[in-house]
Amino acid sequence: MIKTALGQDSHRFETKNLSKPLILGGVQIPNETGLEGNSDADVVLHALTNAVSGITTVNILGKKADELCIEKGIKDSKIYLQKSLEYLNGYKITHISFSVEALKPKLAGYIDKIRENIANLLGISLDCVAMTATTGEGLTDFGKGLGIQVFVIITAEKK
């Protein structure tokens, strides 16, 4: 049996804590201001976690992530992703495709590192993780440089 799910997330750039690092797909992007959020605000991993929830029907972001972040002080989005993977019930993620909309940062130099990190986190082949980036021609706040939006579609197969 095969399932497919869509995940999305978006965050504005920090305007108060300008020293917060920008983390995308578990990779720190140097010399860039981070995103607003209680956690590290890794919009790539949040979108992926939401997509996994689309496979498992168990929502992690929201109440469960708030408990981890606010009550236990766990701000690393990799932990939220790992929590979502606990509910796969015999499904294995076989393919992931991300689409990132942002004016900044320019991601071309980081896409391969992000893909590699996600492949390692999930234990899948690098050629099963795709990522594209666009400015969206400046039509949205993301394309105007106010934040980052990510869509991801995943495919999972029951083994």
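This report walks through the fold of a predicted model and then visits some of its residues.

## About the model

Because this is a predicted model, local features need pLDDT of at least 70 and side-chain atom pairs count only at pLDDT 80 or more, while totals for chains, interfaces and linings use all residues. Residues are numbered from 1 along each chain as its sequence is written, and side-chain values use heavy atoms, with hydrogens and water left out.

## The overall fold

Let's start with the whole chain. Its secondary structure comes to four helices and six strands. Helices (H or I, at least four residues) and strands (E, at least two) are DSSP runs, numbered from the N terminus. Along the sequence they follow the pattern β-β-β-α-α-α-β-α-β-β. The radius of gyration is 15 Å, close to the 15 Å that the globule rule gives for 159 residues, so the chain is as compact as a globular protein of that length. Here the radius is taken over C-alpha atoms, and the rule is 2.2 Å times the number of residues to the power 0.38. The C-alpha trace spans about 45 × 35 × 25 Å along its principal axes.

Contacts tell us how the chain folds back on itself. Contact means heavy atoms within 4.5 Å. Of the contacts between residues at least 6 apart in sequence, 71% join residues at least 24 apart.

## Surface and charge

Of the 159 residues, 43% are buried. Buried means under 20% relative accessible area, exposed over 50%, and partly exposed in between (1.4 Å probe, protein chains only). The accessible surface of the chain is about 8,100 Å², and carbon and sulfur atoms account for 50% of that surface. These areas come from the Shrake-Rupley method with a 1.4 Å probe, and for residues only the protein chains shown count as cover.

The chain carries 18 positive and 18 negative charges, and their mean positions are 4 Å apart. Lys and Arg count as positive and Asp and Glu as negative, while His and the chain ends are not counted. Each charge is placed at NZ of Lys, CZ of Arg, CG of Asp or CD of Glu.

## Helix 1 and the residue that follows

Helix 1 covers residues 43–56 and has 14 residues. From first C-alpha to last it reaches 20 Å, close to the 20 Å expected at 1.5 Å a residue; the expected span is 1.5 Å times one less than the number of residues. This helix is mostly covered, with twelve of its 14 residues buried. Among them are Val43, Val44, Leu45, Leu48, Val52 and Ile55, along with His46 and Ser53.

Just after helix 1 comes threonine 57, with a positive phi of about 65°, although threonine 57 is not a glycine. This residue is found in the loop between helix 1 and helix 2 (63–71). Threonine 57 counts as exposed, at 67% relative accessibility.

Isoleucine 96 sits in strand 4 and is buried, with a relative accessible area of 0%. Leaving aside neighbours within four places in sequence, isoleucine 96 is in contact with residues including Leu48, Ile118, Leu122, Cys128, Val129, Val152 and Ile154.

Not counting residues up to four places away in sequence, serine 99 touches Thr132, Gln149, Val150 and Phe151. The C-alpha atoms of serine 99 and threonine 134 are 35 residues apart along the chain and separated by 7.7 Å.

Arginine 115 is found in helix 4 (residues 111–122). Its relative accessible area is 17%, so arginine 115 is buried. Arginine 115 touches Leu126, Asp127, Val129, Ala130 and Met131, again setting aside residues up to four places away in sequence.

Lysine 83 belongs to helix 3 (residues 77–85) and counts as partly exposed, at 29% relative accessibility. Lysine 83 and leucine 61 are 22 residues apart in sequence and 9.9 Å apart in space, C-alpha to C-alpha.

## Backbone details to look for

The peptide bond from lysine 104 to proline 105 is cis, with omega near -5°. You can find proline 105 in the loop between strand 4 (91–101) and helix 4.

Asparagine 31 has a positive phi of about 60° although it is not a glycine. This asparagine lies in strand 3 (residues 27–33). At 81% relative accessibility, asparagine 31 counts as exposed.
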